[in-house]
Amino acid sequence: MPEANANQPLLLGVRHHGPGSARAVRRALDAYRPEVVLIEGPPEGDGLVRFAASEAMRPPVALLAYASDAPTRVQHQPSSDGERRRREAAYWPFAEFSPEWQAIQWALAHGVPVRFCDLPTTFRLASDKPEDETSQAAERVDPIGLLAEAAGYDDPERWWEDLVEHQLPVAGEDELTAALAPFAAIAEAMIEVRAGAPPLSDAERFEEECREAYMRTVLRSAAKGHERVAVVCGAWHVPALTAPLPTASADASVLRGLPKAKVTMTWVPWTHGRLASWQGYGAGVASPGWYHHLFTTIDRPITRWLVDAAAVLREEGQPISSAHVIEAVRLAETLATLRGRPLAGLAEVTEATGAVLCDGDALRLELVNRRLVVGERLGTVPDDTPSVPLVADVTAAQRRLRMPPSALVRDVDLDLRREIDLNRSRLLHRLRLLGVDWGLPSADGGRQGKGTFWESWRLVWRPEFAVDLVDASGYGTSVAAAATAKTAELATSATSLAQVTALVEQCLLADLSEAYPTVLRALDARVALDADVAHLMAALPALARTLRYGDVRGTDVTALGAITHGLVVRVCVGLPAAVASLDDSAAGEMRGHLDAVHTSLALLAEQSLMDEWFDTLQRVVARDDLHGLLAGRLTRLLLDAGRLETAEAARRMGLVLTVGVPPATAAAWVEGFLAGGGLLLVHDERLLALVDSWLAAIPADTFVEVLPLLRRTFTEFAAPERRAIGERVRSLDGSSSRAGAAGLEELDRERAALVLPTLRLLLGRDVVSPPASDGLP
């Protein structure tokens with residue numbers, strides 16, 4: 001139980017990131033006036049506390065610790081009490097409404113020393129325990145949940161709100177007694193909770209013993225030099241710090257022999273979104289935006305919250321009036337009264353928002369929850385905060401290029417003809433090579449595709465990028481140097497041609513001229529060793545884009561051009577064998593490669609390469625063992641390129657769309673031929689008539705089998721194309737028989753006469769040539 005005398009420390013057990021706890025801590029510190037404040041957190045951060053006094057330090061922020069004698073890893077490990085760990089990195093977030101942050105601010109404002117008292121990170125990051133053994137007590141049992149259940153609450157957050165967050169001082173109490181009352185109740189309850197908690201595993205018990213032994217060690221040290229000591233820690237730990245304590249020698253024996261790692265610590269920005277418990281932060285809250293509002297808004301918090309919710313909806317064009325807000329406030333307060341709550345809580349204001357402001361629309365309510373209940377507030381740290389050189393270089397580049405990091409998603413268009421936009425593009429591409437996906441190319445955003453000079457990006461800054469940059473700092477002290485070293489390493493360790501070709505393009509986009517020779521050597525070696533034609537075809541698009549857009553960025557791509565030409569030759573030589581006797585799955589994959597190569601060569605616009613490619617396609621399309629999907633696709637490519645007459649294309653379609661060809665084979669041919677658009681059928685009535693007559697002749701039972709292929713083919717057409725095809729079919733004269741008769745106008749009678757003797761033998765009757773007329777006999 002918290003004490004208010006000079007003989008015992010003041011133990012303030014809190015709920016991490018609770019606004020009521022934060023207010024209660026400040027009120028208790030004002031009343032008790034300690035000489036030193038101990039806070040649950042990493043002791044390596046003691047020297048960084050002074051930065052919290054800077055006006056440039058705006059929460060949410062986090063203390064980041066990383067092992068400086070080994071590369072960090074990227075796998076997250078959630079743990080309790082304000083920490084999310086990685087194998088060699090950990091961070092402790094603080095929001096403005098965090099009790100620990102308010103304790104720091106109080107101490108700095110009153111000139112009182114602050115010390116962190118949790119187990120040092122040097123021990124935590126040196127631990128070689130498996131990840132499933134590194135969880136902590138508050139992860140295994142929820143003490144607040146147990147207390148809430150005992151009090152008849154189904155929601156621990158609502159219980160804490162009613163007990164602490166919403167409680168008002170009792171009239172007549174002296175200031176110190178009133179300030180310590182909530183902490184006394186929590187401390188007493190925690191004794192019972194810990195006594196009834198489920199048993200711990202050996203690893204869990206050892207970790208908890210180490211943490212609390214170190215807390216007691218720091219507490220004893222502080223008590224030797226100060227009479228009035230205040231401790232701000234998670235409520236779970238209060239019983240372990242309450243007298244009588246174990247002996248100092250007993251605690252020392254627990255800590256003896258723990259492994260150590262060299263650790264560096266700094267401040268980094270954080271976000272409310274990362275504080276939310278649904279994103280994996282063990283000691284977080286599901287509604288950081290709501291708690292920020294409760295802490296920063298003393299006067300009429302419910303009314304002001306609903307006013308903010310109305311503003312969010314108005315920004316989206318919803319007609320929300322003052323009358324809506326008034327009714328929502330009344331509803332929230334009425335619900336609180338009916339439920340016996342001292343004030344309306346998040347549940348009540350959410351129901352009022354949904355019923356009154358959103359008219360029961362779940363999507364609008366979700367918008368309010370995302371914008372307000374969670375929020376995306378991004379903190380800032382002072383410029384002189386210690387950081388690794390790579391982080392400092394990124395920060396300087398962001399300032400120089402006027403690209404402030406933001407937790408809000410935003411789309412930007414970059415004009416590469418402008419120097420500042422070109423440098424912005426290079427920064428984003430370099431960071432992506434380092435594993436920092438601050439920006440992602442927007443597939444459907446802005447002006448993408450409107451010219452080689454434009455790029456569209458979607459930007460959102462996430463707090464864990466700070467750890468990713470620390471991880472990448474081993475490659476260099478600047479973004480350019482680190483990206484160059486990382487690219488060279490990836491090129492030399494690549495195990496496939498696709499990996500190297502992707503690096504070639506990334507190297508160009510990031511303007512890493514020093515890494516370019518290494519990547520080209522790796523590419524040349526991989527092209528020479530890889531005999532798989534499909535792999536060679538898959539590699540071509542990235543190389544073609546690099547050659548095509550190299551001039552835009554001022555990159556010399558002469559050496560790459562020679563490699564690409566050799567690659568095209570190898571594809572053309574190996575293609576006939578690669579397309580032979582493929583099944584449906586392999587044919588579908590090969591069709592994708594064919595389209596990609598065709599598009600890439602069109603991008604290069606080199607006539608010699610195009611001629612060689614089309615000569616190869618003309619040889620391949622005549623093969624008898626060619627899959628129908630590929631035969632149709634190659635016919636279409638040759639037709640579009642003017643290497644095949646429309647009459648010949650119609651003849652080939654007519655040969656396929658006959659009774660003797662299985663409908664599945666014919667449907668695959670049609671799918672390949674019509675892939676990419678149906679305008680050809682709109683403008684060529686002869687081809688449309690052939691498809692129409694073939695569809696009409698398919699038996700009912702067989703039609704069901706080929707229907708998925710046909711549906712897949714025609715659903716790829718744009719809606720206007722499908723509508724135009726339907727109108728053209730409706731306008732066809734008569735029936736499919738007339739369409740067939742139209743085909744006889746171009747019948748080759750000399751070739752037809754060659755089959756008449758065989759037909760006489762098969763039919764046992766005289767067969768005559770059809771008359772040269774517009775109709776059928």
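The following questions and answers concern a predicted model of a single chain.

User: How many helices and strands are there in the chain?
Analyst: The chain has 777 residues. Its secondary structure comes to 36 helices and 12 strands.

User: What percentage of the residues in the chain is buried?
Analyst: A residue counts as buried when its relative accessible area is under 20%. Of the 777 residues in the chain, the buried share is 50%.

User: Among contacts between residues at least 6 apart in sequence, what percentage joins residues at least 24 apart?
Analyst: Contact here means heavy atoms within 4.5 Å. Among contacts between residues at least 6 apart, the share that joins residues at least 24 apart is 76%.

User: What share of the accessible surface belongs to carbon and sulfur atoms?
Analyst: The accessible surface of the chain is about 35,600 Å². The part belonging to carbon and sulfur atoms is 54%.

User: Is His 16 buried or exposed, and which side chain does its own side chain contact?
Analyst: His 16 sits in the loop between strand E1 (10-14) and helix H1 (19-32). Its relative accessible area is 11%, which is under the 20% cut-off, so His 16 is buried. At 2.5 Å, the side chain of His 16 makes a polar contact with the side chain of Glu 100.

User: Why does Glu 40 count as buried, and what is the partner of its side chain in a polar contact?
Analyst: Glu 40 belongs to the loop between strand E2 (36-39) and strand E3 (61-67). Because its relative accessible area of 3% is under 20%, Glu 40 counts as buried. A polar contact of 3.0 Å joins the side chain of Glu 40 to the side chain of Arg 211.

User: Which residues does Leu 331 touch, leaving out those up to four places away in sequence?
Analyst: Leu 331 is in helix H14 (residues 322-338). With a relative accessible area of 28%, Leu 331 is partly exposed. Leaving out residues up to four places away in sequence, Leu 331 touches Ala 352, Ala 355 and Val 356.

User: How far apart in space are Leu 331 and Ala 344?
Analyst: In sequence, Leu 331 and Ala 344 are 13 residues apart. From C-alpha to C-alpha, their separation in space is 9.6 Å.

User: What is the accessible area of the nonpolar patch that includes Leu 762?
Analyst: Leu 762 is in helix H36 (residues 756-763). Its relative accessibility is 67%, over the 50% cut-off, so Leu 762 counts as exposed. Leu 754, Val 755, Leu 759 and Leu 762 form the patch on the surface, and their accessible area together is about 410 Å².

How values were computed. Residues numbered from 1 in each chain as written. Predicted model: local features only at pLDDT ≥ 70, side-chain atom pairs only at ≥ 80, totals over all residues. Heavy atoms only, no water. Patch = residues over 30% accessible without salt bridge, like charges linked within 9 Å, V, L, I, M, F, W, Y side chains within 5 Å. Areas by Shrake-Rupley, 256 points an atom, 1.4 Å probe, with all protein chains shown as cover. Salt bridge = Lys/Arg side-chain N within 4 Å of Asp/Glu carboxyl O. Helix = DSSP H or I, 4+ residues; strand = E, 2+ residues; numbered from the N terminus. Buried < 20%, exposed > 50% of the residue type's maximum accessible area, 1.4 Å probe, protein only. Polar contact = N/O pair within 3.5 Å; in protein donor to acceptor, adjacent residues only side chain to side chain.
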